[in-house]
Amino acid sequence: MINKFQRSLRLGYGFSLFMLLVVCLISYLTVQSLMNSNRAVAHSDKVIATLEKLLSVMKDAETGQRGYLLSGQIAFLEPYNGAYREAGALTDQLKTLTADNQNQQANIAVIRQVLTQRLNTLQQLISKKQNGGTLGSADLESSKDAMDSFRAAIAKAEGDENRLLNERTATLNYYSTLTPIFLVLAAVLAIGTSGYFYFSVIRDLREKERLRLELEQSEEETQALNEELTAANEEITAANEELTAINEELVKAREELSQANETLESRVTERTQALQESEEETQALNEELTAINEEMAATNEELMATNEELAESERRLQELVDELRQADERSAKLAAIVESSDDAIIGKDLNGVVTAWNRGAEHIFGYSEAEIVGQPILKLIPEDLHHEEPFILGRLRNGEKIDHHETIRRRADGGLINVSLTISPIHDKEGRVIGVSKIARDISEQKRDEQRKNDFIGMASHELKTPLTSLTALVQVLQQKLRVNDDPFVPQALNKAHLQTKKMSSLINGFLNVSRLESGKLEIVKQDFDLTELAKEQLEEIRLTVSSHTFVFEPDHAVTVLADREKIGSVISNLLTNAVKYSPKGKVIKISCTMRDGQVLFSVQDEGMGIRAQDLPRIFDRYYRVGSEHTRHISGFGVGLYLSAEIIQRHAGRIWAESEKSVGSTFIFILPVA
């Protein structure tokens with residue numbers, strides 16, 4: 001029994017140690033797999049970041065090259081000059097990073113080839129520009145094709161790396177999920193094994209207790225036998241002589257029995273002591289195993305938390321490094337741009353005192369930096385325009401930005417120049433406005449050119465109206481005389497000719513109105529009239545020539561306004577014509593005229609191609625047209641919306657557009673009620 005108990009105890013202790021080693025091994029392998037997967041994910045992130053940086057370098061190079069080709073200024077080539085070396089270094093870095101990926105090696109080879117071709121194309125265009133050559137559309141198209149090929153190669157490499165990143169992330173998630181399961185199973189198995197051997201030892205202890213009870217019962221029976229023998233001795237005292245030999249034998253038997261009892265007691269004592277020691281060792285082993293399991297669980301939790309913290313710290317560190325690098329690059333570029341800019345770049349505080357002055361400002365205004373810094377900005381403003389400064393500072397204090405404000409400023413020699421101002425507020429880290437940044441561009445020559453151009457347009461338009469009027473009259477006469485003709489082509493051709501003469505007349509009137517507007521001769525003659533009735537008239541007129549669209553206009557009631565009926569009619573006609581031109585056939589055009597907050601709100605909504613967000617702020621600029629594949633074949637000079645905006649503004653109203661690409665556009669203007 002003792003040997004069996006010791007064997008069970010040793011077996012339980014040994015198996016517990018074995019399970020401890022298995023748990024440690026599983027923990028090490030799973031944690032190692034987690035770390036390897038984490039490093040693989042970080043490696044893929046680095047490859048993608050390098051690809052993005054390479055694309056950014058080439059974008060900067062192309063931007064610099066375009067700036068040089070458009071302006072001819074060498075300063076624009078600064079991003080391009082370092083692009084070849086930096087792009088080559090980034091390509092080599094990518095090749096090193098993807099050395100273990102044959103597919104990515106092939107992608108990097110394609111990127112290097114396209115990169116070399118793109119840089120050669122850029123260099124050829126720059127050399128052609130430097131040699132005085134003329135850049136044609138084929139040159140620009142080849143440059144675009146090369147950049148598209150480069151973007152496609154970068155996109156393919158990023159796509160492959162993203163797929164690899166997804167696989168590695170899936171592996172990382174797999175090990176992250178599997179590791180706790182393995183650890184829990186190992187811990188449960190270890191606890192189960194320890195419990196099994198613990199209950200085995202308890203069973204042996206119970207067996208020992210049963211044997212002890214049997215020995216006690218045997219001793220009691222022996223004691224009873226001794227008492228019976230003593231009684232028998234007393235009863236057979238008379239026969240003592242006869243039984244002397246028997247007594248001696250009994251004495252010997254008693255001695256032998258006593259020795260047997262002593263031996264049995266000794267063995268029971270030793271067995272009991274051994275069981276007590278075994279219980280103590282088992283208890284200590286169980287406590288030690290429990291502590292080890294708790295330490296391993298805590299260690300695994302700490303390792304997982306540490307891995308997460310390391311990954312988060314690495315990501316934050318990379319973000320900080322990228323932000324610092326980008327900030328340095330932006331600061332260097334901004335300083336170079338400010339210093340080399342031909343425009344005047346001026347800084348001032350919220351009291352209108354000049355705090356910064358670049359070389360462009362010295363050239364335009366004639367003051368040196370030492371002469372003007374610390375002086376009030378009113379020194380540059382003519383006396384009759386001093387009222388502009390408080391108004392501008394008030395808007396800037398509210399965080400507004402002023403774009404392309406055209407006004408007049410005074411030079412150091414007393415001369416007046418036309419300038420275009422772009423004024424922006426300067427914010428501190430808390431978002432408070434602490435200063436003003438102003439960019440001033442001398443547009444005196446541009447103003448003179450515009451005046452000469454307007455004079456020419458006005459003169460040409462007047463000269464064109466006379467023959468056009470005669471041509472229109474002739475076409476109308478021919479329409480009347482040839483309305484019934486054997487050849488159906490003749491009336492159709494005359495109808496088309498009449499439409500074209502009307503279109504030409506509209507264009508010439510637009511140019512004349514622009515000329516009158518620029519020269520201040522566009523008169524606004526206000527009168528009370530019903531705006532809904534005017535809209536119906538314009539709608540009926542356009543329906544005579546347009547049958548391809550459905551017009552919906554259901555006004556609730558009459559809306560009377562005090563305005564120039566003819567000018568507002570031209571605005572409505574222009575909005576309706578644009579809705580027809582820029583929406584496909586069969587679409588619905590909705591017109592609305594309602595009252596809102598004491599003003600009349602008029603809108604024209606189409607279901608056309610829509611306008612990009614970056615084009616919306618400029619669509620009311622003079623001669624501006626949205627460039628796209630859809631508008632390439634649509635006629636027009638970009639004066640209709642410009643004239644409409646000027647007419648609405650001269651009525652103390654406002655006009656704007658709301659649009660979503662490929663969904664449609666809504667043009668809206670508001671006018672005060674009569």
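Let me begin with a term: a residue is called buried when its relative accessible area is under 20%, exposed when that area is over 50%, and partly exposed in between, using a 1.4 Å probe and the protein chains only.

Before that, a word on what we are looking at. This is a predicted model, in which local features need pLDDT of at least 70 and side-chain atom pairs count only at pLDDT 80 or more, while totals for chains, interfaces and linings use all residues. Residues are numbered from 1 along each chain as its sequence is written, and side-chain values use heavy atoms, with hydrogens and water left out.

Now the protein as a whole. Its secondary structure comes to 14 helices and 12 strands, where helices (H or I, at least four residues) and strands (E, at least two) are DSSP runs, numbered from the N terminus. Of the 674 residues in the protein, 34% are buried. If we take the contacts (heavy atoms within 4.5 Å) with a separation of 6 or more, residues 24 or more positions apart account for 65% of them.

Two packed helices are described by the angle between their axes and the distance between the axes. Here the axes are lines fitted to C-alpha atoms, for helices over the stretch in contact, and the angles run from 0 to 180 degrees between N-to-C directions.

How do α12 and α13 pack? Helix α12, residues 531-543, and helix α13, residues 565-581, pack at an angle of about 45 degrees, with their axes 10 Å apart. That angle makes α12 oblique to α13, given that angles under 35 degrees count as roughly parallel, over 145 as roughly antiparallel, 65 to 115 as roughly perpendicular and the rest as oblique. The crossing of these two helices is right-handed; a crossing is right-handed if the near helix is turned clockwise from the far one by less than a right angle, and left-handed if anticlockwise. On the α12 side the contact includes Leu 531, Leu 534 and Ile 542, and on the α13 side it includes Ile 568, Ile 572 and Val 580. The residues of this contact divide into nine nonpolar, four polar and two charged, where Ala, Val, Leu, Ile, Met, Phe, Trp, Tyr, Cys and Pro count as nonpolar, Asp, Glu, Lys and Arg as charged, and the others, Gly among them, as polar.

Helix α13 also meets α14: their axes come within 9 Å and cross at roughly 145 degrees, and this crossing is left-handed. The residues of α13 that take part include Lys 567, Ile 568, Asn 574 and Asn 578, and those of α14 include Gly 640, Leu 641 and Ile 648. This contact divides into six nonpolar, five polar and one charged.

That brings us back to Asn 574, which lies in α13. Which residues does Asn 574 touch, not counting those up to four places away in sequence? They are Gly 640, Leu 641 and Ser 644. In α14, residues 640-650, the buried residues are Leu 641, Tyr 642, Leu 643, Ser 644, Ala 645, Ile 647 and Ile 648. The helix α14 is followed by Ala 652, whose phi is positive, near 60 degrees.

On that point, most residues other than glycine have a negative phi. His 404, in strand β3, residues 402-410, has a positive phi of about 50 degrees although it is not a glycine, and His 404 is exposed, with a relative accessible area of 60%. Asp 597, in the loop between β9 and β10, has a positive phi of about 55 degrees and is exposed at 76%.

Finally, two residues in strands. His 405 lies in β3 and is partly exposed at 25% relative accessibility; His 405 and Leu 421 are 16 residues apart in sequence and 4.8 Å apart in space, C-alpha to C-alpha. Val 552, in strand β7, residues 550-553, is partly exposed at 33%, and among its contacts beyond four places in sequence are Val 588 and Ile 591.
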